[in-house]
Amino acid sequence: MRQLIVDTSCELNDNMIDQMELCYVPFVITMGNRVFVDDLNLDMEDFFHTMKNTNDTIRTACPSPDDFYRVMKGDEIFVITITSKLSGTYSSAMIAKQMYLEENPNAKVHVFDSASAVSGESGIALFINDLAKEGKEFEEIVRETEEMMKRSVTVIALSSLTNLARNGRMPKFAGKLSRVLNIKLIARAKDGKILPISIEKGVKRTINTVVEKCKNLCDMTLKCQIVISHANQIDMAEAIKAKISEIFPSRKINITGMKGLSSTYAEEGGIVVFL
């Protein structure tokens, strides 16, 4: 039996979930005295409302090794985590892997450090699922997925820098300035880190810049599915999909909504594109 385990930075829509043998391991997010479990039952309307109205630092807790270990089952297991450069989730999953193999020495377990997040993880999950459907062996899936990850790109449009500044991931003045000036930071995930590549103002300019960066940075020979994730910004996601489909007419393009962890850092209106 094969199993795919992901953390809740991996954004999948209902259609994707229905076609996979998938198990989520959630983050936990704390805002003031409110604690949110970032699972499929999270009320995103309530989450966004709370996030807008809190002045407290928003704290996120990654899954523990036991969280991963408890859901592991079967003899072939693939695990995908958010980049190890931003979270301890990969370390938790690796410890869980060793725990599981001690009790199941004939099992095969591979933990993928996505070196990305959000739709970057989603694209990896879809790629693994597609290879499994083709009948590829465990080792082939690992090898081809790791190669794809090296060639893929994730482009990010952050709606605001407020929460990143609150959590000490950038200077506080940058968070205040982005909110006052309505600045959108365009970045890419590279080697597990988020690297700024442009700053834009306004929705139209942001859409055009995201599409331009996707075209200029991507490997045009890749055939994996494209994933666009949005934080309560479906119109913007649809506009980006329409433009990207002109560049990649033969590739399937998926749109997913962000859950709690992704929305915390991208903030409402944020967009992440994997291709």
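# A first look at the sheets and helices

In strand β4, Arg34 is the bridge partner of Met31. That pair belongs to a predicted model, and this briefing walks you through some of its parts.

**The antiparallel sheet**

- Strand β3 (residues 28-31) and β4 run antiparallel and are joined by four bridges.
- The open sheet they belong to has three strands in the order β4-β3-β5, with antiparallel pairing.
- At its edges stand β4 (34-37) and β5 (58-61), each with a single partner strand, so one side of each has no neighbour in the sheet.
- From one strand to the next, the twist averages 20°.
- Helix α2 (residues 44-52) packs on this sheet and touches β3, β4 and β5. The direction of α2 makes about 140° with that of β4.

**The parallel sheet**

- Four strands in the order β2-β1-β6-β7 make up another open sheet, and here the pairing is parallel.
- Its edge strands are β2 (22-25) and β7 (108-113), each of which pairs on one side only.
- Neighbouring strands in this sheet are turned by 20° against each other on average, with direction ignored.
- Six bridges link strand β6 (residues 76-81) with β7, and the two run parallel. If you look for Thr81, you will find its bridge partner in β7 to be Asp113.
- Helix α4 (residues 89-103) packs on the sheet, where it touches β1 (2-7), β6 and β7. The direction of α4 makes about 175° with that of β7.
- Helix α5 (residues 119-133) also packs on the sheet, touching β1, β6 and β7. The direction of α5 makes about 160° with that of β6.

**Helices α5 and α6**

- Besides packing on the sheet, α5 meets helix α6 (residues 138-151): their axes come within 10 Å and cross at roughly 145°.
- This crossing is right-handed.
- On the α5 side, the residues that meet α6 are Gly123, Ile124, Phe127, Ile128, Leu131 and Ala132. Their counterparts in α6 are Ile141, Glu144, Thr145, Met148 and Met149.
- Sorted by class, the contact has eight nonpolar, two polar and one charged residues.

- Helix α9 (residues 203-217) has 15 residues and reaches 21 Å from its first C-alpha to its last, close to the 21 Å expected at 1.5 Å a residue.
- Its buried residues are Thr206, Ile207, Thr209, Val210, Val211, Lys213 and Cys214.
- The axes of α9 and helix α10 (residues 234-247) come within 10 Å, crossing at roughly 35°. The crossing is right-handed.
- From α9, the contact uses Val203, Thr206, Ile207, Asn208, Val210, Val211, Cys214 and Lys215. From α10, it uses Met236, Ala239, Ile240, Lys243, Ile244 and Ile247.
- By class, 10 nonpolar, two polar and two charged residues take part.

**An enclosed strand**

- Strand β8 (residues 154-158) is largely enclosed by the rest of the structure, because five of its five residues are buried.
- Thr154, Ile156 and Leu158 point one way from β8, while Val155 and Ala157 point the other way.
- β8 and strand β13 (residues 271-274) run antiparallel, joined by four bridges. Across this pair, Ile156 stands opposite Val272.

**Single residues to look up**

- Ser198 sits in strand β10 (residues 193-201). Ser198 counts as buried, with 17% relative accessibility.
- Apart from neighbours within four places in sequence, Ser198 is in contact with Lys184, Leu185, Ile186, Thr209 and Lys213. Thr209 and Lys213 are also among the buried residues of α9.
- Most residues other than glycine have a negative phi. Ala115, in the loop between β7 and α5, has a positive phi near 55°. Its relative accessibility is 28%, so Ala115 counts as partly exposed.
- Glu267 has a positive phi as well, near 65°. You will find Glu267 in the loop between α11 (260-266) and β13, where it is buried, with a relative accessible area of 10%.

Conventions
Residues are numbered from 1 along each chain as its sequence is written. This is a predicted model: local features need pLDDT of at least 70, side-chain atom pairs count only at pLDDT 80 or more; totals for chains, interfaces and linings use all residues. Side-chain values use heavy atoms; hydrogens and water are left out. The expected span of a helix is 1.5 Å times one less than its number of residues. Buried means under 20% relative accessible area, exposed over 50%, partly exposed in between (1.4 Å probe, protein chains only). Axes are lines fitted to C-alpha atoms, for helices over the stretch in contact, and angles run from 0 to 180 degrees between N-to-C directions. A crossing is left-handed if the near helix is turned anticlockwise from the far one by less than a right angle, and right-handed if clockwise. Contact means heavy atoms within 4.5 Å. Ala, Val, Leu, Ile, Met, Phe, Trp, Tyr, Cys and Pro count as nonpolar, Asp, Glu, Lys and Arg as charged, and the others, Gly among them, as polar. Two strands pair if DSSP finds at least two bridges between them.
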